[in-house]
Amino acid sequence: PVFVLTALSIWLESGYPIFFLQKRAAIKGGKTINFYKFRSMIKNADEMKDSLFDLNETDGALFKIKDDPRTTRVGKFIRRFSIDELPQLINVLKGEMSIVGPRPLPIGDFKKLRESKEYWNSIRDRERLKPGITGLWQISGRSKIGFREMIWLDLYYVENQSLLFDLEILF
């Protein structure tokens, strides 16, 4: 019912498409997946991203604006309750993602990074596990955490991953 109500709400407010599809990967140059979300922004949001980059409130390959002007009314609601993330269950069913794991990042955001090839090789373990819908960095501060801290939290998770740790993150 949540899927149907969300899809109907998006369609009534701003039409198609209902879903937002984006190429993502765990690391620069890594294996990519098609990442599904409910569309929470206006249709041309990606085209506007470069003009809003000065408003970015985080660093590295993360792009976050607390009151992003591209977000729709429905989008604000579904983001507040993380309903926009539910279509990633399709990625889980396809075997591309798990419920808990390192969060994949948008391929386009890697272009903004000035990290060396050695840096990406040093964090290659981030790609050892399937990417997750949620993970340690989301419960540790989500938008308040910078790129490097997010990477280190993901690497800590990779090294210490267990069913009990996954349950702790989920709860």
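**A. Ser 82 sits in the loop between helix H3 (73–80) and helix H4 (88–93).** Helices here are DSSP runs of H or I with at least four residues, strands are E runs of at least two, and both are numbered from the N terminus. This is a predicted model, in which local features need pLDDT of at least 70 and side-chain atom pairs count only at pLDDT 80 or more, while totals for chains, interfaces and linings use all residues. Residues are numbered from 1 along each chain as its sequence is written, and side-chain values use heavy atoms, with hydrogens and water left out. Ser 82 isn't a glycine, yet its phi is positive, at about 55°.

A cis peptide bond leads from Tyr 16 into Pro 17. Omega is near -5° for this bond, and Pro 17 belongs to the loop between helix H1 (2–14) and E1.

**C. Aromatic rings pair up in this model, and the search of the whole structure turns up 6 such pairs.** Trp 11 and Tyr 16 make a tilted one, at 6.4 Å centre to centre with 55° between the planes. To count as a pair, rings of Phe, Tyr and Trp (its six-membered ring) need centres within 6.5 Å; planes under 30 degrees apart are stacked, over 60 edge-to-face, and the rest tilted. Trp 11 is partly exposed at 39% relative accessibility, whereas Tyr 16, with a relative accessible area of 57%, is exposed. Tyr 157 and Phe 165 form a tilted pair too, with 5.5 Å between centres and 45° between planes; both of these residues are buried. Ring pairs also tie Phe 3, Phe 19 and Phe 38 into a cluster.

**D. Strands E2, E1 and E4 line up, in that order, as an open antiparallel sheet.** E2 and E4 are the edge strands with a single partner each, so one side of each has no neighbour in the sheet. Even so, E2 is largely enclosed by the rest of the structure, because 5 of its 7 residues are buried. Strands E1 (residues 19–25) and E2 (residues 32–38) run antiparallel and are joined by 7 bridges; for two strands to pair, DSSP has to find at least two bridges between them. Lys 23 has Asn 34 as its bridge partner in E2, and Arg 24 has Ile 33. Arg 24 also lies over the face of Phe 35, 3.9 Å from the ring centre (the test is NZ of Lys or CZ of Arg within 6 Å of that centre and within 35 degrees of the ring normal). The hairpin of E1 and E2 has 6 residues between the strands, and there Gly 29 takes a positive phi near 80°. On the E4 side (residues 105–106), E1 pairs antiparallel over 2 bridges, with Ala 25 opposite Leu 105.

**E. Helix H9 (residues 163–170) buries Phe 165, Asp 166 and Ile 169.** These residues are on the same side of H9, because they cover an arc of only 100° around the axis (taken from the directions from the helix axis to the C-beta atoms). Leu 163, Leu 164 and Glu 168, on the other side of H9, are exposed. Among the elements covering the buried residues of H9 are strand E3 (98–100), strand E5 (132–134), helix H7 (136–139) and helix H8 (147–160).

The largest nonpolar core brings together 20 residues. A core like this is a set of buried Ala, Val, Leu, Ile, Met, Phe, Trp, Tyr and Cys residues joined through side-chain atoms within 4.5 Å. Trp 120, Ile 123, Phe 147, Met 150 and Ile 151 have the most contacts inside it.

**G. Which residues does Trp 120 contact, leaving aside its neighbours within four places in sequence?** They are Ile 27, Lys 28, Phe 110, Leu 113, Glu 115 and Phe 147, where contact means heavy atoms within 4.5 Å.

Technical notes: Buried means under 20% relative accessible area, exposed over 50%, partly exposed in between (1.4 Å probe, protein chains only).
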